[in-house]
Structures are given as structure tokens and as C-alpha cells.
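Dear colleague,

Please find below the structure that I am handing over to you, followed by an account of what was found in it.

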Amino acid sequence: MEHRHLSAEVDLEKALEVERQACDTRLKHMQAYCNPRSNRMVTKQHYQQLEQQHHERSVIDNLHASRINVLREKQGKQLERMVGKQEAELKEMELQLAHEMQQSQSSLRSDERILQHEFSERRKRLTLRWSLAEAIERKKIEKETGESYAPLPTIEWDDAQQRREENEEPVDDQMARNAGMAYDASRGNMF
């Protein structure tokens, strides 16, 4: 925008310089025509035209400065309108971004609750699987040895570990299998 404004001002100054040169040329011609040494018949009208040319030349600089000032004022108003429009667009974009951020945070909180619930359910299933696998293996060993064994203590999850896992990423079945032994009910053994 600034480049266009400067370009428009330079173009106007060039046009005004051409106009000033044309005015100077007309004044010189009238001065040469009205010169008493020219041996021409100079009338009162000619002297009035010469006076008019002097007047035009004396006011042309002020006229040109006024035109440049008008152009600058017009450009300033255009710039103000453009800045106002951009500020309005920026405010609208900020509001839209705030709304989208709020929606994203709401969605993330919802996803987090869902994942925490899913993780809790997976821990319960893994604990039950472990208890079942332990009971089956204990019964097998009791049959083989004829001795009675007490059940292993139930799995207790470390809350500090749970908090770290909640802050990192959800635990899936693969991680659960890697974390401990799981019981394959269809095969009747642990892996």
C-alpha cells in the first residue's frame, strides 16, 4: 500500500512538473512577444495575457503543493480505512481462535476423560485376567504337588506410575501384555 502511495505521489509530481514547464514556456513566449524590441504590435489584451501568465506562474507552486496535500490526505484516509479493516479482521480472527481453542480444550478434556475411563477399565480387565490366570495355575500346581497354596496378592497399581502414564499416553493392550503376564483363556496357559 505504501509503495502504491509513493508511486502515485511520484506520478503526480511528474505531471505537475510537466505542467510547471508548460507554464514557464508560455510565460517565456508571452514575454518574448510583448518585448518592445520585437517590433510587434502589442495590444492591451496581450499585456493582460502576459500578466495572467505571471499570475499563473506565481500561484502554480502553491497549487501543486495543495494538490499533493490533497493526494496525501486521500491516501491517509485510505490507509486509516485499511488499518481499521485489518484491525477488525484481526479482532474477528482472535475471537474465532479463542472459540476454536475453547472447543479444542473442551474436546481434549472429553477425550481425556474417555481415555482415563478406558485405561481404568483395561486395568480392571488386566487385574481380573491376572487373578484368573493365577488361580488356574495355582490349581494346576496344587494338583501336581498335592499341596495347597495361598492365592497371590491382588495387583495394586502404583498411583505415581498411574499419574505418569496418564500424563504420557494411553496404555493399550499391547503395552498391558508387555507390562506383565496375561492369560490366554482359549489355550489355558500364560504367555
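**Findings**

K140 is partly exposed, having a relative accessible area of 37%; here buried means under 20% relative accessible area, exposed over 50%, and partly exposed in between, with a 1.4 Å probe and protein chains only. This residue forms a salt bridge with E137, and the closest N and O atoms of the pair are 3.7 Å apart. By salt bridge I mean a side-chain nitrogen of Lys or Arg within 4 Å of a carboxyl oxygen of Asp or Glu. E137 and K140 are separated by about one helical turn, because they are three residues apart in helix α2. E137 also counts as partly exposed, at 23% relative accessibility.

**Basis of the model**

The model is a predicted one, in which local features need pLDDT of at least 70 and side-chain atom pairs count only at pLDDT 80 or more, while totals for chains, interfaces and linings use all residues. Residues are numbered from 1 along each chain as its sequence is written, and side-chain values use heavy atoms, with hydrogens and water left out.

The pLDDT is the predictor's confidence in each residue, from 0 to 100. Its mean over the chain is 80, and 82% of the residues reach 70 or more. Confidence is highest in α2, at a mean of 90, and lowest in strand β1 (residues 183-184), at 42. Over residues 169-191 the pLDDT is below 50, and in the model this stretch has 34 contacts beyond near neighbours in sequence. A contact means heavy atoms within 4.5 Å.

**Overall architecture**

The chain has four helices and two strands, and from the N terminus its elements run α-α-α-α-β-β. Helices (H or I, at least four residues) and strands (E, at least two) are DSSP runs, numbered from the N terminus.

Of the 191 residues in the chain, 17% count as buried. The chain exposes about 15,300 Å², of which carbon and sulfur atoms supply 53%; these accessible areas come from the Shrake-Rupley method with a 1.4 Å probe, and for residues only the protein chains shown count as cover. Among contacts between residues at least 6 apart in sequence, 62% join residues at least 24 apart.

**Helix α2**

Helix α2 comprises 102 residues (residues 44-145), and at 1.5 Å a residue it should span 152 Å; its end C-alpha atoms are 144 Å apart, which agrees. The expected span is 1.5 Å times one less than the number of residues in the helix. At I60, α2 bends by about 40°, the bend being the angle between axes fitted to the seven residues ending there and the seven starting there. Just after α2, G146 takes a positive phi of about 80°.

Q31 is found in helix α1 and is partly exposed, with a relative accessible area of 35%. Leaving aside residues up to four places away in sequence, Q31 touches L50 and H54. Q31 and H46 lie 15 residues apart in sequence and 9.8 Å apart in space, C-alpha to C-alpha. E51, which lies in helix α2, is 20 residues from Q31 along the chain, with their C-alpha atoms separated by 9.6 Å. E51 is exposed, at a relative accessible area of 59%.

A65 is also found in helix α2 and counts as partly exposed, at 36% relative accessibility. A65 and L16 are 49 residues apart along the chain, and their C-alpha atoms are separated by 9.5 Å.

**Other salt bridges**

Side chains of opposite charge can pair when their charged atoms come close. A search of the whole structure finds twelve salt bridges. One of them joins the side chains of R26 and E56 (3.6 Å, N to O). This pair links distant parts of the chain, with R26 in helix α1 (residues 2-34) and E56 in helix α2, 30 residues apart. R26 counts as partly exposed at 38% relative accessibility, and E56 is partly exposed with a relative accessible area of 27%.

K77 forms a salt bridge with E73, with the closest N and O atoms 3.6 Å apart. K77 and E73 are four residues apart in helix α2, so they are separated by about one helical turn. K77 counts as partly exposed, at 45% relative accessibility.

Finally, a network of salt bridges links E17, R20, D24, R57 and D61.

Yours sincerely
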